[in-house]
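Visitor: I am new to this structure. Please walk me through the spaces inside and the packing around them.

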Amino acid sequence: MSSPDPQVRAARNRSTSTPPRGPVVAVTGAASGVGDLLTRRLAASGEIKQVVAIDERRGEVSEAQWHILDVRDPAIAEKLRGADVVVHLALDLDLERDAAARTAYNVRGTQTVLTAAAAAGVHRVVLCTSAMVYGALPDNDIPLSEDAELRATAEATGVGDLLEIERLGRRAPRAHPGLNVTVVRPAVLVGGTDTALTRYFESPRLLVVAGSRPTWQFCHVDDLVSALEYAALEKVDGEFAVGCDGWLEQEEIEELSGIRRMELPSAVALGAAARLHRIGLTPSPAGDLAYTMHPWVVSVGRLHDAGWRPRWTNEEVLGALLEEVEGRHTVAGRRLGRKDATAAGAAGATVALLGAAAVVRRARKARRRL
C-alpha cells in the first residue's frame with residue numbers, strides 16, 4: 001500500500017497537535033468551594049480549550065492558568081483578555097461576616113467582572129445566584145416557573161446581594177452590547193456549604209411555624225458544577241434554575257431525617273428570631289425563616305431541555321447533608337461549640353428559638369467563669 005499523500009499526512013499531524021477548539025473559560029473564585037470544583041471539571045474536559053483561574057490565592061489545579069488578584073481590581077480586565085466565557089463565582093456568603101462588608105465585596109466584585117469582561121472582549125459571563133431570589137411566599141406555585149417574577153426581599157441573609165447581582169446582570173448587555181449574561185439559580189445547595197438553610201438541619205428539633213407549608217428542594221454541589229459546565233459550553237443560556245427533580249414535604253423531611261419538629265406560632269417564631277438577631281446572638285435575620293415556612297420549589301425545565309439531568313435525588317442529598325452536619329449543634333442559626341452544646345442540651349423543647357437567648361447567655365457566663 002502506498003504511503004499517504006504528503007498533504008494528508010500534514011493534515012493528520014495538525015489534527016493530532018491542535019488543541020481542543022472549545023472555549024477559553026475563566027473562573028473567578030477558583031481556589032475553593034464551587035469554583036475549585038468547576039475549575040477541576042473544566043480542566044479535565046476535552047471540550048474546553050483552556051481554563052483561566054482567578055483568585056486571591058493559588059489553587060491546586062495545575063492545568064489551569066492562574067492569576068492571583070482580587071476580583072474588585074480593574075486589572076482583572078487584562079487577565080480576562082482572550083477568554084470566551086467568564087464564570088463568576090467569587091462571592092462572599094459567609095453567615096458570620098459583617099453584612100455591609102459582604103455586600104460591598106459581592107456587588108463591587110460583580111460590577112468589576114462584568115465591566116472587565118466587556119472591555120476584554122469576553123462574549124459571555126455566567127453568574128451564580130440562588131433560587132432564593134424568587135422569594136418564599138405562601139401563594140407561590142409549586143413548582144415555580146423559571147420565568148416567574150423575582151419577589152424576594154433583602155430580609156434574608158445574602159438575598160439582597162443576589163438580587164443586586166441579578167440586576168447588574170440584566171443591565172450589563174444594555175451597557176455593553178455584545179456581552180451575554182447567563183444566570184444560574186441553584187436550590188438549597190448542599191456539599192461543603194454553610195448556610196442558614198443547611199444549619200436548619202443541625203438543630204435537635206426542626207422548627208415548624210404553625211400554619212406554614214414548607215417544601216424542600218435540594219441541589220448537590222456536583223449537580224451545580226455540571227450545570228455551570230453546561231452554561232460555560234453554551235449548551236444552555238438565559239436564566240435557569242438547577243436542582244433535584246421534584247421536592248419533599250416537611251413530613252417527609254422529618255421521616256427521612258428522624259428529627260422531630262417543634263411547632264411555634266408565627267408571631268412567636270418571627271418575633272424571637274428578630275430579637276435574637278437584633279441583639280447579635282444569631283447571624284440569621286428573621287427573613288431567613290420564610291424559606292423554611294413557604295414554598296420556593298423551582299422547575300429545572302431549561303436544563304432538562306438541554307439534555308442535562310441531576311445525578312442526585314432530594315432524598316440522597318438530604319442524606320448527604322445529614323452526614324455532613326453530624327456532630328454540629330445549632331440554636332436559632334447560631335452554631336455552638338462543644339461546651340455551648342452541653343449547655344444547650346438542657347434547653348430541651350425550647351432549643352429552636354425560645355430558649356436560644358438564655359442558652360447563649362448561660363454559655364457565655366460559664367466561659368467567663370472558667
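Guide: Start with the second largest pocket, which has a volume of about 210 Å³. A pocket is an open set of points on a 1 Å grid over the protein atoms alone, with protein on both sides within 12 Å along at least five of seven lines. Points are joined across faces, edges and corners, and a volume is the space filled by probe spheres set on them. This is a predicted model: local features need pLDDT of at least 70, side-chain atom pairs count only at pLDDT 80 or more, and totals for chains, interfaces and linings use all residues. Residues are numbered from 1 along each chain as its sequence is written, and side-chain values use heavy atoms, with hydrogens and water left out.

Visitor: Which elements give two or more residues to the lining of the second largest pocket?

Guide: Lining residues have an atom within 4 Å of a point. There are 17 here, and closest to the centre are Ala-99, Arg-102, Thr-157, His-277 and Pro-283. Helices are DSSP runs (H or I, at least four residues), numbered from the N terminus. The elements asked for are α4 and α5.

Visitor: Which element gives the most to the lining of the largest pocket?

Guide: The largest pocket has a volume of about 1200 Å³. Its lining has 45 residues, with Leu-91, Asp-92, Leu-93, Asp-94 and Thr-193 nearest the centre. With 4 residues, the element that gives the most is α2.

Visitor: Which residues have the most contacts inside the largest nonpolar core?

Guide: A nonpolar core is a set of buried Ala, Val, Leu, Ile, Met, Phe, Trp, Tyr and Cys residues joined through side-chain atoms within 4.5 Å. Buried means under 20% relative accessible area, exposed over 50%, partly exposed in between (1.4 Å probe, protein chains only). The largest core has 70 residues, and those with the most contacts are Leu-80, Phe-201, Phe-218 and Tyr-291.

Visitor: How many disulfides does the count come to?

Guide: A disulfide is a pair of cysteine sulfur atoms within 2.5 Å. For Cys-128, the nearest cysteine sulfur, that of Cys-219, is 8.3 Å away. For Cys-219, the nearest is that of Cys-244, 6.7 Å away. The count comes to 0.

Visitor: Is Cys-219 buried or exposed?

Guide: Its relative accessibility is 0%. Therefore Cys-219 counts as buried.

Notes. 1 Å grid on protein atoms, 1.4 Å probe; cavity = no way out; pocket = protein on both sides within 12 Å on 5 of 7 lines; lining within 4 Å.
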